[in-house]
Amino acid sequence: LVSRSFSYRPSRLLVEALKSGELTILLTVLWLREQFDIRQWQSEIVVSRGDLTTDLDIVYASGDQITIIECKDNFKVTEIDALKQQLSNGIRVAEDIGAEQYIFATLYPQALPEDLIEWFHNQSSTLTIKILTRHDLLGT
């Protein structure tokens, strides 16, 4: 009988990606593939117009419908105003390009603050707004 222990050493690229917040992006792409069989998507797009510059974590198109997704591994409750500004910028870009949907995906370990959820859902009358939580992304 031969016994071998399994070991895995992640590549430096993977380690750096995880340290820089890419885990939520990767989990969101997996969620998209499971839910909608999405095969084509783009990440890390920087958009500038006038005084507004923002990055779009994930953009995908299905037919003629565009969805923009903002991903956050984690954030501090004390930084909610900065998060709201970033989400607001993304929503404005989504509306400007005629997107159908804007999603906020997060691995925030607790229930999201109710005032953030309410604020987020009241930001657009033209977009479908959705929040993906840790539960959605990890299937727990």
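1. A quick definition to start: a residue is buried when its relative accessible area is under 20%, exposed when that is over 50%, and partly exposed in between, using a 1.4 Å probe and protein chains only. Glu44 counts as partly exposed because its relative accessibility is 42%. Glu44 is found in strand β1, and its phi is near 60°, a positive value in a residue other than glycine. For background, most residues other than glycine have a negative phi.

2. Before going further, keep in mind that this is a predicted model, in which local features need pLDDT of at least 70, side-chain atom pairs count only at pLDDT 80 or more, and totals for chains, interfaces and linings use all residues. Residues are numbered from 1 along each chain as its sequence is written, and side-chain values use heavy atoms, with hydrogens and water left out.

3. Now the sheet. Helices (H or I, at least four residues) and strands (E, at least two) are DSSP runs, numbered from the N terminus. Five strands make an open sheet in the order β1-β2-β3-β4-β5, with mixed pairing; two strands pair if DSSP finds at least two bridges between them. At the edges sit β1 and β5, each pairing on one side only. From one strand to the next, the twist averages 35°. Axes here are lines fitted to C-alpha atoms, for helices over the stretch in contact, and angles run from 0 to 180 degrees between N-to-C directions.

4. Look at the β3 and β4 pair: these strands run parallel and are joined by six bridges. Ile68 stands opposite Tyr102 in β4.

5. Helix α2 packs on this sheet, touching β1, β2, β3, β4 and β5, and its direction makes about 25° with that of β2. Contact means heavy atoms within 4.5 Å. Helix α2 covers residues 22-36, 15 residues in total, and reaches 21 Å from its first C-alpha to its last, close to the 21 Å expected at 1.5 Å a residue (the expected span is 1.5 Å times one less than the number of residues). Its buried residues are Thr24, Ile25, Leu27, Thr28, Val29, Trp31 and Leu32. Their cover includes β1, β2, β3, β4, β5 and α5.

6. That brings us to α5 (residues 134-138), where Leu138 lies. Which residues does Leu138 contact, leaving aside its neighbours within four places in sequence? They are Leu27 and Leu107. Leu138 counts as partly exposed because its relative accessibility is 41%.

7. One more helix to find: α4 (residues 114-121) lies across β4 and β5, running at about 150° to β5.
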